[in-house]
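Open the structure in your viewer and keep the selection tool ready. We will take a short tour, stop by stop.

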Amino acid sequence: VTTTQQWQRMDAQHHFHPFSNNADIRAEGSRIIERAEGCHLWDSDGKQYLDAFAGLWCVNLGYGRQELVQAASQQMQQLPYYNLFFKTTTTPVIELAHEIADIAPSHMNQVFFTGSGSEANDTVFRMVRRYWDIQNQPERKIIIGRKNGYHGSTVAGASLGGMPGMHKQGDLPIAGVEHVDQPYWYGEGGDLTPHEFGVRAARSLEEKIKALGSHKVAAFIAEPIQGAGGVIIPPDSYWPEIQRIVKKYGILLVVDEVICGFGRTGEWFGSQYYHLQPDLMPIAKGLSSGYLPIGGVVMADHFAETLAKGGDFNHGYTYSGHPVCAAVALENVRILKRERIVERVKDDIGPKFQQAIATLADHPLVGEVRGVGLLGAIELVKDRTTRLRYPDEGSTGTLCRDMALQDGLVLRATGDTMMMSPPLVINDQHLDELITKTKSALDKTWHRLKGK
Ligand code: PLP
């Protein structure tokens, strides 16, 4: 048998980790996850964790669904690979596109498949410019994203996103991408009411469009709820104002559904939760519950028609709609439907989850608790009245995350905001475990910080 230490040594020697400090890994070793079932994970020492993060916001059905294993195995045997280039398709892709059109907003009926969310957003980048070329408005090139948004790690995805830590690496964003304010009321709202702040954040888009010249702006891209940025729930006034602005200036609206899609908010898509009219929706993650990599771009009818009129679309990936991934995604969507899991998030477990995390708001370390559906965020502060953070901002979140891990709970921290995004199949018992362990992590963090 290989021991944890031996695994860690091999890992540090030969595996360079994404989104990690690899020097720390060389010094301290990494966590090794060996197996999972339902909402729980086990590491190489046999320690059990409740996964309140569904992997990376993606294991919507939870771990160990045998139907997905069988769908993959059956498709592997029948047709393990074929591509979609040059007017070819495969049956799992046909069925999957059909299912997605069924659950998407009614004006969206075509899907372009990719291998991931980042590829979906690279596809968006090229599709949007292609669309305006075909419309004889090639000067419309600029895509506007938001500060602190996340749209993936490829060059276009990281550019469209607004993460300073990512822009610093690789000299991003690339030309033709601009950013406007995020609707982060708790962090940036000052004395404004949420309503006032929501309108103001949305109007930063209008100001940017005017400054750039609306004839040069191609699209606005945003997540319905910013995920990686800190589960930032926009005030109610935000999205209606954005919808008004994009309509007024004739700009395409791209709603990145990579996290919110497939039930996370209690609707199939965040666009339905906020009553949006997107022209494009990048999707991934929950599409296959993360069991295999697959993503896509769902297109509004008018957009797909225009793109089709333009003739050859010179874009695609070897693994666009990989048949095995498509077969697994198809079964995943069918299970979500059959077991009425999205409805359950809306009417039952989502409200219970929100009630349960709301009880954490009394904790002295907690400044705000917010959430929608099965998304949640907890702001950690030193002073609840002034919203002042502890010194060395960001380290409180990391400390709390590590305390939770000690207790057998996986949470994610961004800065001093703790984030939750459990599998959609989380039950009452898991919820109790989640709250007990989160409270314990908050207590331990608070005791460590006392006096600082
Ligand atoms: N868009 C959003 C909103 C995301 O949260 C992510 C990943 O976290 C992506 C895009 C990128 O997806 P992927 O990691 O599959 O490339």
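In which sense do strand E4 and strand E10 pair, and over how many bridges? Select residues 108-114 for E4 and residues 295-300 for E10. The two strands pair in the antiparallel sense, over 6 bridges. Keep in mind that this is a predicted model.

Stop 1: Pick Phe112. Its bridge partner in E10 is Val297.

Stop 2: Click on Ile283. Its bridge partner in E10 is Gly296.

**Stop 3: E10 itself.** Show the side chains of E10. Gly295, Val297 and Met299 point one way. Gly296, Val298 and Ala300 point the other way. Are these residues buried or exposed? All are buried. With 6 of its 6 residues buried, E10 is therefore largely enclosed by the rest of the structure.

**Stop 4: two helices.** Next, select residues 66-78 for helix H4 and residues 323-338 for helix H14. Their axes come within 8 Å and cross at roughly 150 degrees. An angle over 145 degrees counts as roughly antiparallel, so that is how H4 and H14 lie to each other. The crossing of H4 past H14 is right-handed.

**Stop 5: where the helices meet.** On the H4 side, select Glu67, Leu68, Ala71, Ala72, Gln75 and Met76. They meet residues of H14, including Pro323, Val324, Ala327 and Ile335. Which classes of residue make up this contact? Colour by class to see 9 nonpolar, 2 polar and 2 charged residues.

Notes
Residues numbered from 1 in each chain as written. Predicted model: local features only at pLDDT ≥ 70, side-chain atom pairs only at ≥ 80, totals over all residues. Axes fitted to C-alpha atoms, helices over the stretch in contact; angles between N-to-C directions. Helix = DSSP H or I, 4+ residues; strand = E, 2+ residues; numbered from the N terminus. Parallel < 35°, antiparallel > 145°, perpendicular 65-115°, else oblique. Left-handed = near helix turned anticlockwise from the far one by under 90°. Contact = placed C-beta atoms within 7 Å. Nonpolar A, V, L, I, M, F, W, Y, C, P; charged D, E, K, R; others polar. Buried ≥ 20, exposed ≤ 12 C-beta atoms within 10 Å, placed from the backbone. Pairing = 2+ DSSP bridges.
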